[in-house]
Amino acid sequence: MATSLCITILCILFVISSAAHGEKNVTNNPADQLVAIINSNRTANKASSLGNNPGLACIALQYIKAYQGNCDDVGKSKKPADSEFANTFAPKCGVELATLAPITGRVIGCQSKYVNPERAFTEILTMKNRSLNIIYNTTYTEVGAAVSGSDGGGPYFWCLLFSNGKSNSSFLLEGGTAKITSPGCFSGANDDCSGAYGWSQNLNILFIFAGVFAVICYTIGI
């Protein structure tokens, strides 16, 4: 009876851990989560969903870095110059200059503490009507999202760049992958982000608990 109980509990832990691992592979990047939220809200407002372009998203991360951690500059006239996209941001990401398309919309927000993507969307990025008009613009075809802290902590920046470029032919990356641009996260890269808060820490706890429980069962001869 006790042996069956041990086996049952270990099986449950294994299933939970496996499910959490699968969820982690899908959602453990706050920039990708933000794109999913944007597309969900666009379709709810009868606008088409947008392509998640990693080249554009990497440029969004470079756009954040141009603020050099100065949260007070967001919303002022100190935004990066348009020339920075071709001269600085694209080369740092490895985006082929010939594939650059016009940046037709920009939304950036910043605050001292990290919040999840849902709160970032509602509390940081959509507080102004102008931002909502940009996010729901029906002429856009692609979006790139990025999030990054400063010096390993706050303030935290969230950035969205929009374009009406053609899917699979704009903001193409040399070799198919972006250059290393850490710290920070950007969407469309099909990977997890070390800056995300999700299942990763909980997974470690689950595996440790399962291991300890197995040892206890073995020790007491169950």
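Mentor: Let us begin with Cys71, which is partly exposed, at a relative accessible area of 22%. Here buried means under 20% relative accessible area, exposed over 50% and partly exposed in between, with a 1.4 Å probe and protein chains only. This is a predicted model, in which local features need pLDDT of at least 70 and side-chain atom pairs count only at pLDDT 80 or more, while totals for chains, interfaces and linings use all residues. Residues are numbered from 1 along each chain as its sequence is written, and side-chain values use heavy atoms, with hydrogens and water left out.

The partner of Cys71 is Cys110, and the two form a disulfide with an S to S distance of 2.1 Å; the term covers a pair of cysteine sulfur atoms within 2.5 Å. The torsion about this S-S bond is -130 degrees, and the link of Cys71 and Cys110 is left-handed. It ties distant parts of the chain together: Cys71 lies in the loop between H3 and H4, whereas Cys110 lies in strand E2 (residues 103-111), 39 residues apart. Helices (H or I, at least four residues) and strands (E, at least two) are DSSP runs, numbered from the N terminus. Cys110 counts as buried, at 17% relative accessible area.

The protein has three disulfides by this rule. Another joins Cys58 to Cys93, again with 2.1 Å from S to S. The torsion about the S-S bond of Cys58 and Cys93 is about -95 degrees, so this disulfide is left-handed. Distant parts of the chain are linked here as well, since Cys58 sits in helix H3 (residues 54-65) and Cys93 in helix H4 (residues 83-93), 35 residues apart. Cys58 is buried, with 0% relative accessibility, and Cys93 is buried too, at 0%.

The remaining pair is Cys185 and Cys193, whose sulfur atoms lie 1.6 Å apart. With a torsion of about -70 degrees about the S-S bond, this disulfide is left-handed.

Of the 222 residues, 41% are buried. Among contacts (heavy atoms within 4.5 Å) with a separation of 6 or more, 79% are between residues 24 or more positions apart.

At the start of H2, a side-chain oxygen of Asn29 comes within 2.9 Å of the backbone nitrogen of Ala31. Just after H2, Lys46 has a positive phi of about 65 degrees.

Notes:
A polar contact is a pair of N or O atoms within 3.5 Å; within protein, one must be able to donate a hydrogen and the other to accept it, and residues adjacent in sequence count only if both atoms are side-chain atoms.
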